[in-house]
Every structure is written in structure tokens, then in C-alpha cells.
Amino acid sequence: MIDKTRLGIPFFDERYGGIYRKRPALCIGRQGSGKTILALQVLLQSVKENERGLMLSSWRSHDLAIVAENMGFPLAEASSQGLVTLLEYADIMPTPEFEKSLTLPPGSFMELQNIIESNSIRRVVIDTVLPWVAIRQEDKLAKHIYSLIQALERMGVTALLTLPKPVSAMAFSLKNRLEEQIPIVFTLD
């Protein structure tokens with residue numbers, strides 16, 4: 001039986017029945033298209049469904065909470081109750097050199113996995129997935145993405161990954177590889 005869960009966007013949930021539980025979904029969009037707002041909705045849906053949620057973002061947690069509160073999302077309250085964990089990429093980066101390489105080392109994923117498992121998190125939002133998948137060796141890209149998706153699925157989390165709209169040949173290749181591995185992909189314009 002295929003088990004679905006609500007995304008948290010009424011028109012999407014009514015039309016498609018939500019997203020697959022314990023599987024990732026991918027949202028692609030240009031800057032300013034609403035990917036982070038969608039990510040917040042998905043995170044708050046976890047609270048509505050009594051699931052602990054985690055959002056990893058390049059945004060500062062405090063700023064994310066301010067944006068959410070201004071939109072009427074009680075993110076700060078959910079966070080203080082332990083229902084939501086907000087992580088910044090800076091929290092799991094071992095060194096400032098991350099800024100130069102734009103990719104996260106394997107230890108960062110193990111740290112994220114530990115946080116997810118030790119806090120019984122069931123829904124994960126990664127806004128943006130780019131630091132996890134942007135590698136320079138295009139010949140290893142498919143295997144790298146496959147490994148990330150399989151790791152998320154082994155943890156048993158429902159995940160929303162966001163990705164900026166591609167603008168280069170390598171970025172299109174990255175998007176295509178992600179689309180091959182993820183069952184639900186949608187674009188915001």
C-alpha cells in the first residue's frame with residue numbers, strides 16, 4: 001500500500017493526495033518563487049500531524065522564525081516545544097572553508113543523521129539541497145545523488161528538498177539526476 005502524507009499546501013494535497021511518506025519530494029524554483037515559504041508550510045504540517053520536523057537552511061534560524069511569525073506560522077512556539085528543530089548550514093559545517101567549496105563533507109551528513117535519529121524526527125526539509133549534491137565530478141554525480149536519497153529513505157523520513165532553478169549545463173545535469181531519483185518533483189515559477 002502506498003502511504004501518503006499531506007504536504008501542507010491545500011491545493012496540492014487536494015489534487016494529488018499529498019506526498020509519499022518516508023520518501024523525498026523535490027521543489028525547484030527561481031529565487032523569490034516561494035521555495036522557503038513552501039518549506040515552512042511543510043515543516044508546520046509535521047506539527048499538525050504530530051510528527052517532529054527539522055528544517056536545514058542557509059537562513060539564520062532567528063530570521064526564519066521572524067519570517068514565519070510574520071506569515072502567521074507559529075514556528076518559534078513549535079521550536080520551543082521541541083516539535084521543530086531549526087538548523088543552519090553553519091551549524092553542521094566543520095570549517096569556514098565550506099564557503100569556498102560549496103559542498104558539505106560526509107561528516108556533516110552523519111551529524112545531520114544523528115540529529116534526526118536522536119530527536120525522532122519524521123519530516124525533514126532541506127532548503128536548499130545544493131550543498132549536499134553539488135560535486136565537481138559529473139561522472140560521479142548520479143551515484144552521489146543516489147546515495148543521498150537512499151540515506152534519507154533508510155532513515156524513514158519524509159523529506160522536502162528545494163533546488164534553485166538551474167542556469168548552467170552542470171546545474172541542469174544535477175536537476176535531471178535528482179528528478180530520476182525522486183518520485184514527486186514540482187516547479188514554482
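Glu 180 counts as exposed at 54% relative accessibility, whereas Arg 177, at 30%, counts as partly exposed; buried means under 20% relative accessible area, exposed over 50%, and partly exposed in between, with a 1.4 Å probe and protein chains only.

## Basis of the values

The model is predicted, so that local features need pLDDT of at least 70 and side-chain atom pairs count only at pLDDT 80 or more, while totals for chains, interfaces and linings use all residues. Residues are numbered from 1 along each chain as its sequence is written, and side-chain values use heavy atoms, with hydrogens and water left out.

## Salt bridges across the sequence

The structure holds eight salt bridges, including one between the side chains of Arg 21 and Glu 51, at 2.6 Å from N to O. This pair links distant parts of the chain, 30 residues apart: Arg 21 sits in the loop between strand 2 (19-20) and strand 3 (24-29), and Glu 51 in the loop between helix 2 (35-48) and strand 4 (52-57). Arg 21 is partly exposed, with a relative accessible area of 25%, whereas Glu 51 counts as buried at 11% relative accessibility.

Another salt bridge joins the side chains of Glu 153 and Arg 23, at 2.5 Å from N to O. Because Glu 153 lies in helix 9 (residues 141-155) and Arg 23 in the loop between strand 2 and strand 3, this pair ties together parts that are 130 residues apart in sequence. Arg 23 counts as partly exposed, at 30% relative accessibility. Salt bridges that share partners also join Asp 3, Arg 21, Glu 49, Glu 51 and Arg 123 into one network.

## Aromatic contacts

A search of the whole structure finds two aromatic pairs, a pair being two rings of Phe, Tyr or Trp (its six-membered ring) whose centres lie within 6.5 Å, with planes under 30 degrees apart counted as stacked, over 60 as edge-to-face and the rest as tilted. Phe 12 and Tyr 16 form a tilted pair, 5.0 Å centre to centre with 45° between the planes, and they are four residues apart in helix 1 (residues 10-16), which means that about one helical turn separates them. Phe 12 counts as buried at 9% relative accessibility, whereas Tyr 16 counts as partly exposed at 46%.

The rings of Phe 12 and Phe 186 have their centres 5.3 Å apart and their planes at 45°, so this pair is tilted. The pair links distant parts of the chain, with Phe 12 in helix 1 and Phe 186 in strand 8 (residues 184-188), 174 residues apart. Phe 186 counts as buried at 14% relative accessibility, and Phe 12, Tyr 16 and Phe 186 form one aromatic cluster.

Notes
Helices (H or I, at least four residues) and strands (E, at least two) are DSSP runs, numbered from the N terminus. A salt bridge is a side-chain nitrogen of Lys or Arg within 4 Å of a carboxyl oxygen of Asp or Glu.
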